[in-house]
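Dear colleague,

I am passing on the structure below, together with some notes on what was found in it. Please read them with the coordinates open beside you.

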Amino acid sequence: MEEKKYLKWYNKVGYGSGDIAGNMVYAFLTSFVMIYLTNTVGLNAGIVGTLIAVSKLFDGITDVFFGSMIDKTKSKMGKARPWMLYGYIGCAVTLAAIFAIPEDAGEFAQYAWFFIAYTLLNAVFYTANNIAYSALTALITKNNKERVEMGSYRFIFAFSTSLLIQSVTLAFVDSLGGGAAGWRTVAVIYAVIGLIVNTLSAMSVKELSEEELAEDIGKSGVDEKYTLIDAAKLLFSNKYYVMICATYILQQIYIAMVNMGLYYMMYILFNKELYPVFSWASNIPLIIALLITPSLVAKWKGMYKLNLTGYMIGTAGRMLVVAAAYLGSVELMIAFTALASFGTGPWQGDMNAVIAECSEYTYLTKKKRVDGTMYSCTSLGVKLGGGLGTAISGWLLALSGFNEKLTIQPDSCLQMLRIMFLWIPFVITLIITIIMSKMKVEKANAELKTQKSII
């Protein structure tokens, strides 16, 4: 029997466009905050890395907290949409603040300004917005095919926005006069665009009622009353949730390392104009993979084999990028970057559907509905992984002897840039491939449902 359909094409597109807003914050921040802080404001990369790491201590608490709050919210707009809608207002304000550090303030005040704005953005506003946005996958449809399609639309917009931001931002800043004023103006423009798109996205979908969400499997035995500690126990007793969290964190560290490509282009290849070229090589194959992911999931009758095979291709691609770099071939580096990105694309497209399966696993084993809390893995992974990646980048830059005033960096710095841009992404894709080999949540759910039907 064909699954009931809940969404029109414009609902899927409207939902997916929410990641335009998300990446007006995330892609801009992760791609350019370090180069802004070191080369424009003049802050020490190591101290910045430490501040980011300290900021992450708050994130681990707020992710589960906001996920739990979403699960307990009851409003005319539903559980998640109010948090998605209003959380972004804070995102817009704090993004602009991060890129508006006063030039005439003392050094301590500049570090404090950055730390407060960065922590508020990540630990509060982005958390509320992103968990709510991700949770909508499980709250506006029960059709698994539609969930995969939503994920594909979402990440097509995400990577298209990342591509655009990485391609035009440096030139955009220069066209506005460069320096601190240029970065500040660009941040405000991106924040306003994100605020408008996020509002349209939140209004383009409607959440299902709690009764409709529960009607297929009944409400008997379901206890939705639980504390924050209970929620955390539910999450971390689910091995698939832990796997997804680990994968998300590793992915974001991977992105942070790849974004060090800007330093790699500037100080090893001596051509910062190559950074947008590598961005195209990363994002266009991802978008192509996302376009075909729904049909591949249907053809392969599930997500497990597709995701594992894709990451095996991605690992091979990153290994070849390393080889091409040491051969001195930029052209091959670009080609193999594209291959690696294409391989990792299917996971990006069906990840939200896998999380929905993970949430179903908790229900089948614990008889508790924790959809909003379950999607805390998306925010936790993005912030913890992205923050750790940026922090590690700062620490390694400082350790290597990087000096923003030098056109020619010391050999120790050049070697470190090779480690960050080439070797760490390869190792991360290899680790994720191993995790993908264990991500058999679809099979586990099918077996649990079979057992239930027999009983």
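**Notes on the loops, a surface patch and a helix pair**

Lys-301 lies in the loop that runs between α12 and α13 (304–327). Please bear in mind throughout that this is a predicted model. The phi of Lys-301 is near 55°, a positive value in a residue other than glycine, and because its relative accessible area is 77%, Lys-301 counts as exposed, the cut-off for that class being over 50%. A second residue of this kind is Phe-270, which is not a glycine and yet has a positive phi of about 55°; Phe-270 sits in the loop between α11 (261–267) and α12. As background, most residues other than glycine have a negative phi.

Helix α12 itself, which spans residues 274–299, gives the most to a nonpolar patch, contributing five residues. That surface patch, of about 540 Å², is made by Trp-280, Ile-284, Ile-288, Leu-291, Ile-292 and Phe-342. Trp-280, which is found in helix α12, has a relative accessibility of 47% and therefore counts as partly exposed, since that class lies between the limits of 20% and 50%.

Elsewhere, helix α2 (residues 18–41) packs with helix α5 (residues 107–139) at an angle of about 165°, and their axes are 12 Å apart. This angle makes α2 roughly antiparallel to α5, because angles over 145 degrees are classed in that way. The crossing of α2 and α5 is left-handed.

With best wishes

Technical notes: Residues are numbered from 1 along each chain as its sequence is written. This is a predicted model: local features need pLDDT of at least 70, side-chain atom pairs count only at pLDDT 80 or more; totals for chains, interfaces and linings use all residues. Side-chain values use heavy atoms; hydrogens and water are left out. Patches are made of residues with over 30% relative accessible area and no salt bridge: like charges are joined within 9 Å, nonpolar side chains (Val, Leu, Ile, Met, Phe, Trp, Tyr) within 5 Å. Accessible areas come from the Shrake-Rupley method with a 1.4 Å probe; for residues, only the protein chains shown count as cover. A salt bridge is a side-chain nitrogen of Lys or Arg within 4 Å of a carboxyl oxygen of Asp or Glu. Helices (H or I, at least four residues) and strands (E, at least two) are DSSP runs, numbered from the N terminus. Buried means under 20% relative accessible area, exposed over 50%, partly exposed in between (1.4 Å probe, protein chains only). Axes are lines fitted to C-alpha atoms, for helices over the stretch in contact, and angles run from 0 to 180 degrees between N-to-C directions. Angles under 35 degrees count as roughly parallel, over 145 as roughly antiparallel, 65 to 115 as roughly perpendicular and the rest as oblique. A crossing is left-handed if the near helix is turned anticlockwise from the far one by less than a right angle, and right-handed if clockwise.
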